[in-house]
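The sequence and coordinates come first.

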Amino acid sequence: MYQSLCAEAALEHRSIAQQAVAVLARGLRIDESRQRRRAALLAEIKGDGCNLILPDPAALVREDRER
């Protein structure tokens, strides 16, 4: 079992611990594609009402130089 886990981890470019979690998730049918997880996270970030407005980098540099 350990050898199979090691081989599968190498194929997936994961550590053995990461692969063990992935195998457990697959067995529990929690397997969700990376793209779907990423899309859900981005939707959550966009939908949280946080409209972060960053200052202009040039203005920050100008302000710093004027000190």
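## Confidence

The model is predicted, and the protein averages a pLDDT of 84, with 90% of the residues scoring at least 70.

Where pLDDT is low, predicted coordinates should not be read in detail.

## Packing of H1 and H2

Helix H1 spans residues 2–12 and helix H2 spans residues 16–27. Their axes come within 9 Å of each other and cross at roughly 100°. Because angles from 65 to 115 degrees count as roughly perpendicular, H1 is roughly perpendicular to H2.

On the H1 side, the contact is made by Tyr-2, Leu-5, Cys-6, Glu-8, Ala-9 and Glu-12. H2 contributes Ile-16, Gln-19, Ala-20, Val-23 and Arg-26. By class, the residues of this contact are seven nonpolar, one polar and three charged.

## Val-23

Val-23 lies in helix H2 and is one of the residues that meet H1. Leaving aside residues up to four places away in sequence, Val-23 touches Leu-5 and Glu-8. Ala-9, also part of the H1 side of the contact, is 14 residues from Val-23 along the chain, and the C-alpha atoms of the two are separated by 9.9 Å.

Is Val-23 buried, partly exposed or exposed? Its relative accessible area is 32%, so Val-23 is partly exposed: the value falls between the 20% limit for buried and the 50% limit for exposed.

Notes: Residues are numbered from 1 along each chain as its sequence is written. This is a predicted model: local features need pLDDT of at least 70, side-chain atom pairs count only at pLDDT 80 or more; totals for chains, interfaces and linings use all residues. Side-chain values use heavy atoms; hydrogens and water are left out. Axes are lines fitted to C-alpha atoms, for helices over the stretch in contact, and angles run from 0 to 180 degrees between N-to-C directions. Helices (H or I, at least four residues) and strands (E, at least two) are DSSP runs, numbered from the N terminus. Angles under 35 degrees count as roughly parallel, over 145 as roughly antiparallel, 65 to 115 as roughly perpendicular and the rest as oblique. Contact means heavy atoms within 4.5 Å. Ala, Val, Leu, Ile, Met, Phe, Trp, Tyr, Cys and Pro count as nonpolar, Asp, Glu, Lys and Arg as charged, and the others, Gly among them, as polar. Buried means under 20% relative accessible area, exposed over 50%, partly exposed in between (1.4 Å probe, protein chains only). pLDDT is the predictor's confidence in each residue, from 0 to 100.
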